[in-house]
Amino acid sequence: HIPKDDLPFILVKINSVLKPKGLFYCGVYTTGKTEETIIKDPNGTNMPLFFSYLSDDDLLKVVNHYFNVVYFKKILNTKKKKYGMYFQSLLLRKHP
């Protein structure tokens, strides 16, 4: 739920607490497209929901500035597939 423009700031913060060559696992759902969307009050709570998705290429481009990608995999989930979504699984290592 992090806006695309805020992601570099978050990655810098994560990077700052890792030991040299430290590992970070990141897993997010995506539609496969870079997009941000707000769903207005889907649960009747007066609280809209914000979703931010990145394409594989855009996600890898952002994380490569701060980490070495050890592992990247798309994982299909039958429950999310009907919404056109899949899981992006990444294992990242802090740059030396």
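Which residues of H2 are buried? They are Asp 56, Leu 59, Leu 60, Val 62 and Val 63, where buried means under 20% relative accessible area, exposed over 50% and partly exposed in between (1.4 Å probe, protein chains only). This is a predicted model, in which local features need pLDDT of at least 70, side-chain atom pairs count only at pLDDT 80 or more, and totals for chains, interfaces and linings use all residues. Residues are numbered from 1 along each chain as its sequence is written, and side-chain values use heavy atoms, with hydrogens and water left out.

**Confidence**
- Mean pLDDT (the predictor's confidence in each residue, from 0 to 100) is 90 for the protein, and 96% of its residues reach 70 or more.
- Confidence is highest in E4, at 97, and lowest in helix H3 (residues 78-81), at a mean of 70.
- Where pLDDT is low, the predicted coordinates should not be read in detail.

**Helix H2**
- Helices (H or I, at least four residues) and strands (E, at least two) are DSSP runs, numbered from the N terminus.
- The buried residues of H2 are listed above. They lie on the same side of H2, because they cover an arc of only 160° around the axis; the arc is that of the directions from the helix axis to the C-beta atoms.
- Asp 57 and Lys 61 are exposed on the other side of H2.
- Cover for the buried residues of H2 includes H1, strand E1 (23-30), E4 and strand E5 (86-94).

**Salt bridge**
- The count is one salt bridge, defined as a side-chain nitrogen of Lys or Arg within 4 Å of a carboxyl oxygen of Asp or Glu.
- Asp 56 pairs with Lys 74, and their closest N and O atoms are 3.0 Å apart.
- The pair links distant parts of the chain, 18 residues apart: Asp 56 sits in helix H2 (residues 56-63) and Lys 74 in strand E4 (residues 67-75).
- Asp 56 is buried, at 12% relative accessible area, whereas Lys 74 is partly exposed, at 48%.

**Thr 30**
- Thr 30 belongs to strand E1 and is buried, with a relative accessible area of 0%.
- A polar atom of the Thr 30 side chain lies 2.8 Å from the backbone oxygen of Leu 54.
- Beyond neighbours within four places in sequence, Thr 30 is in contact (heavy atoms within 4.5 Å) with Tyr 53, Leu 54, Gly 84, Met 85, Tyr 86 and Gln 88.

**Ile 2**
- Ile 2 is in the segment before helix H1 (7-17) and is partly exposed, at 36% relative accessible area.
- Its C-alpha atom is 6.2 Å from that of Ser 52, 50 residues apart along the chain.

Key:
A polar contact is a pair of N or O atoms within 3.5 Å; within protein, one must be able to donate a hydrogen and the other to accept it, and residues adjacent in sequence count only if both atoms are side-chain atoms.
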